[in-house]
Amino acid sequence: MLGGEYCNTEVPVDLLPGDIQQLTAHEMEVLWRLFQEIGRTWKDTRTDSINIGSDWREFIQAKTGVAPSYTGEYSNAVSCVSELILIHGEKEAFRKLLLDHGIDSKAPPLTRVAHLKVYVVNEFIRVQVAKEGFKSWKGSNYKGFLGGSRFNRKPRARVAKGQGV
Amino acid sequence: MKRRDFEYVFIGSGVAASTVAKTILENNRLASILILEAGPKVPAQDRRAWWDYVVLDRRPYDYCYDKKGENQSVGKTEWSFDDGRVMMYGGSTVHWGGWCLRFKPEDFQVFSRTGTGADWPISYETLEPYYCRAEEYLSVCGDDKEGWTKRSKPYPLPPFPWTAADGEMIAAFNQLGIKPGKLPIARFRKCMTTGTCKYCPVGARFSGQIALENLLSDGRHTNLEVLHNAPVAKINAASKRRIESVEYLDARTGERYEAHAKNIVVCAGSYETPKLLQVSKSMYYEKGIGNDHDIVGRYISSHAFLIVRGERDHNEEEWFQEFDFPTLMSRTYDTPEMQQDGGKIFLFKDRTRPNVDIAALMIQGMPREEVDKVVRGTRTQELQAFMDDRGLFTNRVSVGRGQNRFGLPQTQIDFTRPPEFRALIDRRLDLMEKVILAMDYKVDPKNKRIRTQSGHHMTSTCRMGKSPEDGVVDENLLVHGTDNLYVCSNAVFPTGSAVNPTLTLTAMSLRLGDHLNAGGT
Amino acid sequence: MNTPIAELMGCRFEEQCTLKWLRNALQSAITLEFATLPPYLTALWSIKQEIHPVAVSIREAVQEEMQHMGFACNMLRAIGGTPQIAGRVPQYPTTGLPGGVMPDLVVDIDGLSQESLRTFMTIEQPKVDVITGKRPEAAQEGMFSTIGEFYDAIAAAFTKLKPVLGVKGQVIGPRTGWAIDSLRAAQNAIKTIKEQGEGSSGTPLDFDPSDWSHYYRFAEIAKCRKIVAVPGEKKKKKKWMYGDQELPFPEVWPAVKLPKGGYDRDRVTGAVEHLMDAFDKTFTGMVDELQATWANSDQAALLRAIEAMFGMQEYALALMKTPRYDGRGNYVPRWRYLASDTVARAGGAGLR
């Protein structure tokens, strides 16, 4: 079991309500820290994710500014992370959350920490890999990555021999 | 029922309707046109929708596909309606891959050459200038040097390069005497290869939706109207020759209308077009408009989709999917000789392989070292093919039970492959397997097969023919026996060739637009 | 306020170097970087073949100019300013760059030509051309002779003032550069702008050894020859020269300069007028999206601006393929910012 009493409170599977809420600066800081821990954990960023900070912020804006809003999920995520840090300390909290969570992402999320994992952590991982992380596995491109004009000197994908511009 | 009057009414809002409308409007900016779309309008280039596509693989128009249980397959060959077409503003080019290949000259003469299928009443040479215009309009990126078909103008844009992962298959092609080619695709200059073609964030792939928005945002087109959530129930005839109106429902208000027009063009795709003609019965057309000889809906022609997948146990180059479109193809077996042998095949490498879903491994909680092992481990590659189909009289689209969510009648498909089909498929799969084996991959027999039959590229259900006995429409797409009812859809193709139909449909649409501008029939 | 660069350049640095000066200087830098885009883009779009090496080279220069603008915007944001882009667009042809720099230099909207290349080289000129030895004209006393020197002054201001740098409001990413969150980050940004523009000290290279700076890219294109390095007289010092390898001048649409005052509306056809208006509306939308990008720290607005640029390209191409009413060549877009119009969203206009 991951986390304590708050994390393991049962909640419905649907998005947690938060449509008229706004995230606070502190909540944004904690969410950003969580996002950065992904790159640190899998060592797939050279800029500590700072170079994709604007992409991440745009993602948060899109997920919270339009229905169905994720604000309730993000708020819940911050509270869960806080409890995890209280119980395990910072380093171990993020390690457990990312590498040793014991949560089946395919199952409906029915606790607060499962919501954290499915609606926040998993989606953050996809954003991080799409915008920067994939490069550390020799990739030139990835679903969701915007590389620029296809007429640039550098091809948009790894190309067969003799296929450059 | 309220009456409205127009010069043109188009049924359906896909690439055919928008292309014909555009051609008419370029000639007369004030032309009075109504385009009716049964499905809803889904916002394009919406940032939230795009992010949800990236992280959840969820497209905002997923609900516009046919749903399980909505249609019926009654023939001996199982038919899948899944993901075949999108019922929405802009039509199926909202979800298409943008593959733009020309038919070849022999595709227009299948019956003369083989005694099966049908001949087109026009030739490749007649359509060639329209292919050039269509490629310009759709912004097709292709390789002029390949020479698969004769062309009088170069492609508007250069092709995309072969990917690193294509290299293995190119080597195998060369070994087996198969000529590798670069897939011509519709991508505008602004393509930034985000890998999210099915919902492009920058509108870099042609879609009927973008085409309509451009027509509507041009301030000169003051008499153009496009309605969505407006299914057409029936086409009405005032006499045998004169088709006078369409009945449609404005599903948002519940009001019914009769739109009268000088010319009516049905652009509703290969499923809906024949069904609409079939239900449009009157004292002049007891079996439905254009159906006096009971051929509306018949001769379904639909690609068989062949796959051969191979696997090997190392991926030291760490290849994974980078483009969302295939780049390697070949038309070496798309020839008159293969046509004589029963079926041409168009080969292309599966765009989704090799791939490793790195994010999915991280989501599972796999540490970096383990992810690295998986990425460098098993690699799969897949060669795919479409095979042309000859269309049998007994294979038919007709009206099914009840209505679907958008007010359209459900579809019944009666489709059965002929007995000789299995042996032909096996011969083609054997050819394809040689490629995978030449790449030094292992083939699991379960992965050397055809996919469940579907109607992604279905054609011929209202085919062209010189006479009403062998075609629903004539060479100018006019429904036989009428003066002013046209069909512009994949449905009019007498045969479907081995390649995707949309480029040919766009060419036919441009041709119809010119014909209407010249006064029609 | 957009303080004339000439005035900024002329300030007695030791006496007047203040945060206010720095903010004004960065705002002027933003306006200057943006002003290079219309002439460079028009020249780029006039090239028929998208993947011609010359087109690839100019496109990279354009993308770097956009990144320079991004750096300047982020530097201004870092010290608490808000970049102003809308409403600062010059009317072309313009005499003198924004802020009064090179007051006699006429910058036209023109297709790619030897004349337009000379103008571009003047804009990007280094202290000394390492191949020809040419130096820019001497500036008036107290002024700077190159834009590079102006950026040196900005760098010196950062070093002297050591302002507190905030990341909030910056737009950080591959298109706009790294976060300006330290003095070092600011200095690196300025170094990048300078080297990508005029080259690093004594070489045509910018910081990437496979890249020429803009000045030398344009020089190669004008000369139709690739620049090569040869061993110099002293062991470690390379010499640079135009080598034997040709760089063929690309085939271009026969577009000619935008006339002063624009085209005669009574003589253009309806179709041409529609293209020109559509271009200007899309351009206006693009500028507004750029303004919104830094006003709201909104990456989505930046993406819409980039997309709008492609929409503009299609209208520009259609114009450049159309002969003018006076038979002197083909049209070019006007690049007018329509301040008072209700403009269609940049991203929605234009099929391509």
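Predicted model: local features only at pLDDT ≥ 70, side-chain atom pairs only at ≥ 80, totals over all residues.
Residues are numbered from 1 along each chain as its sequence is written, chains are lettered from A and ligands numbered from 1 in the order in which they are written, and side-chain values use heavy atoms, with hydrogens and water left out.

Chain C contains 10 helices and 4 strands, where helices (H or I, at least four residues) and strands (E, at least two) are DSSP runs numbered from the N terminus. Read from the N terminus, the order of elements in chain C is α-α-α-α-β-β-α-α-α-α-β-β-α-α. Of the 352 residues in chain C, 59% are buried; buried denotes under 20% relative accessible area, exposed over 50%, and partly exposed the range in between (1.4 Å probe, protein chains only). Among the contacts in chain C with a separation of 6 or more, 69% involve residues 24 or more positions apart, a contact being defined by heavy atoms within 4.5 Å.

The interface of chain C and chain A brings 23 residues of chain C into contact with 14 residues of chain A. About 1,600 Å² is buried between the two chains, 49% of it on carbon and sulfur atoms; buried area is the accessible area (1.4 Å probe) that two parts lose on being put together, summed over both. One salt bridge, defined as a side-chain nitrogen of Lys or Arg within 4 Å of a carboxyl oxygen of Asp or Glu, links Arg153(A) to Glu60(C), with the closest N and O atoms 2.9 Å apart. Between chain C and chain A, 6 residue pairs are in polar contact (both at pLDDT 80 or more). A polar contact is a pair of N or O atoms within 3.5 Å; within protein, one must be able to donate a hydrogen and the other to accept it, and residues adjacent in sequence count only if both atoms are side-chain atoms. On the side of chain C that touches chain A, helix H4 (53-78) and helix H10 (299-320) each supply at least two residues, and the largest share, 4 residues, comes from H4(C). This side of chain C divides into 9 nonpolar, 7 polar and 7 charged residues.

At the interface of chain A and chain B, about 4,200 Å² is buried, 58% of it on carbon and sulfur atoms. The count of salt bridges between chain A and chain B is 6, and Glu58(A) and Arg47(B) meet in a salt bridge at 2.7 Å, N to O. Across this interface, 30 residue pairs are in polar contact (both at pLDDT 80 or more). Helix H2 (53-65), helix H4 (90-99) and helix H5 (112-131) of chain A each give two or more residues to the side that touches chain B, with H5(A) contributing the largest share, 10 residues.

Over all chains, the structure holds 87 salt bridges. Within chain A, the side chains of Arg95(A) and Glu92(A) form a salt bridge at 2.9 Å, N to O. These two residues are 3 apart in helix H4 of chain A and are therefore separated by about one helical turn. Arg95(A) is partly exposed at 34% relative accessibility, and Glu92(A) is partly exposed at 29%.

In chain B, Arg379(B) and Glu317(B) meet at 2.6 Å, N to O, in a salt bridge. Arg379(B) lies in strand E15 and Glu317(B) in the loop between E12 and E13 of chain B, so the pair ties together parts that are 62 residues apart in sequence. Arg379(B) is buried at 1% relative accessibility, whereas Glu317(B) is partly exposed at 28%.

In chain C, a salt bridge joins Lys257(C) and Glu115(C) at 2.7 Å, N to O. Lys257(C) is located in the loop between strand E4 (238-246) and helix H9 (270-295), and Glu115(C) in helix H5 (residues 114-123) of chain C, so the pair ties together parts 142 residues apart in sequence. Lys257(C) is partly exposed at 30% relative accessibility, as is Glu115(C) at 38%.

How values were computed: Nonpolar A, V, L, I, M, F, W, Y, C, P; charged D, E, K, R; others polar.
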